[in-house]
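Subject: Structure handover

Hello,

Here is the structure for you to look over. My notes follow below it.

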Amino acid sequence: MNQAETLQLILFVTDDTPRSAEAIANVKQVQQLYRGQCEVTVIDILEHPELAEREKIFATPTLIKVQPPPLRRIVGDLSDHMQLLKSLDIGSGYLSSPASQPV
Amino acid sequence: MSGESAPIERVVKLPTGIQGFDFVTEGGLPRGRTTLVAGTAGSAKTIFAIQFLAEGILKYGERGVFVTFEETPDDLRRNMISFGWPIAQWEREGKWLFVDVSMHANSDEKVVGAYDFGGLIVRIEHAIRRVRAQRISLDSLGAIFSRMHQPDLVRSELLRIAAALKQMNVTAVLTAERTEEYGAISRNGVEEFVADNVIILRNVLDDEKRRRTIEVLKYRGTSHQKGEYPFTVTPDKGVVIIPLSAIELKQRSSDLRITSGNQALDVLCGGGFFRDSIVLVSGATGTGKTLLTTEFMAGGVNNGERCLLLAFEESREQLFRNAIGWGIDFDRMEADGKLRVHCAYPETASLEDHLITIKDLVSEFKPNRVAFDSLSALERVGTIKSFREFVIGVTSFIKHQEIAGLFTATTPTLTGGASVTEAHISTLTDSIILLRYVEMNGEMRRALTVLKMRGSMHNKDICEFTIDQQGMHIGRPFRNVIGILTGNPHISAPGEMERLDELFRTQ
């Protein structure tokens, strides 16, 4: 899989609250699913409020799918994985490739 | 402030700079606290929220943060230019910062699992720190409710925001929607959390006319004026509140006399009008009210006074032509800078707007005397209630300036009777002059009487007067006519009059 198809996610959280930890754990699981084809950046907006302003973050946690298009924003602790994958709108190729195929 | 250990925090007020508001709130908004400004759609909440920051920058050098939930910063920048608030420039100068939480900013967010408003709070705190803001406005809370669909969560998060604002010691205005003018404070019950202070903006349709009022409903731990105060939104000032019943009667009363512009009338009044008095001239159409007004102006100019004529019935050309017809040259007086004639059709503005225009004119021209011809023409512009407030506002303003004011009122019937104007103004006036038609022996004649002259003796006769190219000529009293003022004159027998005269004649 080439660079363009790498899944790029940015997760905005506040501090080390339980809710932030939950969201981070859930994103890590998605990352696991895509084995090396998923980059996740976690941003604590308390440390980088200017990034929160730039991305107009309203609620936290907020997950932004930067690549591949279309851009998606998902609010919440991402606890429902099915819902999360659906909302990420990654496309059928992605959905079928990692999880369902035997290694 | 952390260093203080006082158990009860004293409420200090922050002057907003919004005209009239600091009077109604007895000093402004509680400093370092959050005030809810609630109103229906179109009640000028957003303008109020913007103006709170704008006045801070313009008048007090205080910087502001505007958190917008509904309109985009671009829309607001554009819309507020007309009020003379250059928001974009202030942003460049670091005096104003937007926190854009408008719907456009992130339109198709999906929700998966639990969340809070941490992002918003961090951004608000960041913005306040960045410009070192003393003032913040959040407009409007209703938009968050319609966006997040979890009222309980929104409420508890708003509570967090309010707490954060308090900790940062900024003075905050939060706007919220109401569904009806007289009902629940706000749609979503947000006042429970920011309920220290609540202000209501109303925009009531009354008798087919819009009437804006502001009311301080709640000011925890501090005093304020009670009740509804009318306000208006003008293009160059934004929200202007008219504190009517709060006007104090503290003006000095002078016993200096000034001429009415008519010597015979001066005599009837016991030596002219008082310098800082309100005179009401009442009469049917054509009885000579405009003439009396014109002479009042000319009398002032001839004594070197500055005179302001506010005309609501006749055009400039008509007024000037009338004056020439009575031997008075308004053109020359205006050229000399002693006279200012301001004509306006009553319907061109609301009563509140008229009042502001009048105050501006008086403050700018600084006249020694002002005449209104006619006050009753303004009756039809507003409701009876707002007209009464207008009259109170105008008369008390004029009294405050310690200048003379002459108002004319047109009576509804030719032969007399009280007008609405009279009913509202008569107790506020120091003098009342009545002009009446008198039908006698098959012809119409004119009568004048001084009905009231506060603080002075005056002649109680009902005198006949005539009008010619030199103006008004007051003649002899109607000796043997009774019922003139009631509009039903009849002649009492001369024999009887003479007999009575004889009886009381002192040799």
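Please keep in mind that this is a predicted model. In chain A, 33% of the 103 residues are buried. That uses a cut-off of 20 or more other C-beta atoms within 10 Å.

Chain A has four helices and four strands. Starting at the N terminus, their order is β-α-β-α-β-β-α-α. Take the contacts in chain A with a separation of 6 or more: 63% of them link residues 24 or more positions apart.

Now the contact between the chains. Chain A puts 26 residues into it, and chain B puts in 19 residues. On chain B, two of the elements that each supply at least two residues to the side touching chain A are strand 6 (109-111) and helix 5 (118-131). Which element of chain B gives the most to that side? Helix 5 does, with six residues. By class, the side of chain B that touches chain A holds nine nonpolar residues, five polar and five charged.

Strand 6 of chain B also pairs across the contact. Its partner is strand 4 of chain A, residues 72-75. The two strands run parallel, and three bridges join them. Which residue of chain B stands opposite V75(A)? The residue is V111(B), in strand 6 of chain B.

To start, I would look at two places in the viewer. One is the pairing of strand 4 of chain A with strand 6 of chain B. The other is helix 5 of chain B, with its six residues on the side that touches chain A.

Best wishes

Technical notes: Residues numbered from 1 in each chain as written. Chains lettered and ligands numbered in written order. Predicted model: local features only at pLDDT ≥ 70, side-chain atom pairs only at ≥ 80, totals over all residues. Contact = placed C-beta atoms within 7 Å. Nonpolar A, V, L, I, M, F, W, Y, C, P; charged D, E, K, R; others polar. Pairing = 2+ DSSP bridges. Buried ≥ 20, exposed ≤ 12 C-beta atoms within 10 Å, placed from the backbone.
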